[in-house]
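Here are a few notes to read alongside the model.

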Amino acid sequence: LTVQQITDIRSELGKVDAKMKVVKNRLMLRAIQSQDGSPDMTEFLKGPTAVTFSGEDPVGVAKILAKFAGELEPLEIRAGVLDGDLMTAKDVIGLSKLPSREELYAKLLGTLMAPASNLVRALNGLPTKVAQVLAAIRDTKE
């Protein structure tokens with residue numbers, strides 16, 4: 001990847017509170033193995049490796065990485081770790097297809113607001129119907 005391409009990826013990742021670092025495989029493997037209960041990543045740490053660390057939104061990170069992996073041929077997703085569980089590249093791509101946190105919040109808010117909105121429409125419809133009936137009675141008397 002060119003410096004500009006890596007800068008673009010890092011810029012997008014920064015928007016979702018994530019960071020990407022190019023690492024030495026030997027040092028990364030040592031850091032992973034020093035953590036209790038961490039998955040075995042030996043098979044994935046071969047060749048040039050960049051590691052992405054996510055903040056609060058792993059779906060947003062997966063979306064960005066999947067987008068760039070599709071656009072830039074040298075970039076490939078090898079694996080991921082989410083809550084201590086190893087994810088294959090296919091799992092990461094699947095994660096990228098889920099709705100983002102903001103989309104889920106919007107859907108939840110819409111679901112919570114639907115009963116109140118329906119009640120307001122129903123209560124608003126009642127005076128309208130009464131006014132229409134009164135107008136019809138007025139028209140028949142004229």
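How exposed is R138, in terms of relative accessibility? At 48% relative accessibility, R138 counts as partly exposed; buried means under 20% relative accessible area, exposed over 50%, and partly exposed in between, with a 1.4 Å probe and protein chains only.

Before the points, some housekeeping: this is a predicted model, where local features need pLDDT of at least 70 and side-chain atom pairs count only at pLDDT 80 or more, while totals for chains, interfaces and linings use all residues. Residues are numbered from 1 along each chain as its sequence is written, and side-chain values use heavy atoms, leaving out hydrogens and water.

1. Salt bridges. The whole structure has two of them (a side-chain nitrogen of Lys or Arg within 4 Å of a carboxyl oxygen of Asp or Glu). R138 pairs with D139, with 3.5 Å between the closest N and O atoms, and D139 is partly exposed at 46%. The other bridge joins E12 and K15, whose closest N and O atoms are 3.1 Å apart. These two sit three residues apart in helix α1 (residues 3–15), so about one helical turn separates them. (Helices are DSSP runs of H or I, at least four residues, numbered from the N terminus.) E12 is partly exposed at 23%, whereas K15 is exposed at 63%.

2. The α3/α4 packing. Helix α3 (residues 58–71) and helix α4 (residues 89–96) pack at about 110 degrees, their axes 7 Å apart; axes are lines fitted to C-alpha atoms over the stretch in contact, and angles run from 0 to 180 degrees between N-to-C directions. The two helices are therefore roughly perpendicular (65 to 115 degrees). Beyond its neighbours within four places in sequence, S96 contacts V59, A62, K63 and A66 (contact means heavy atoms within 4.5 Å).

3. P58. This residue of helix α3 is partly exposed at 25%. Setting aside neighbours within four places in sequence, P58 touches L82 and L95. Its C-alpha atom is 20 Å from that of D40, 18 residues away along the chain.

4. L126, in helix α5 (residues 101–141), is exposed at 56%.

Definitions and conventions
Angles under 35 degrees count as roughly parallel, over 145 as roughly antiparallel, 65 to 115 as roughly perpendicular and the rest as oblique.
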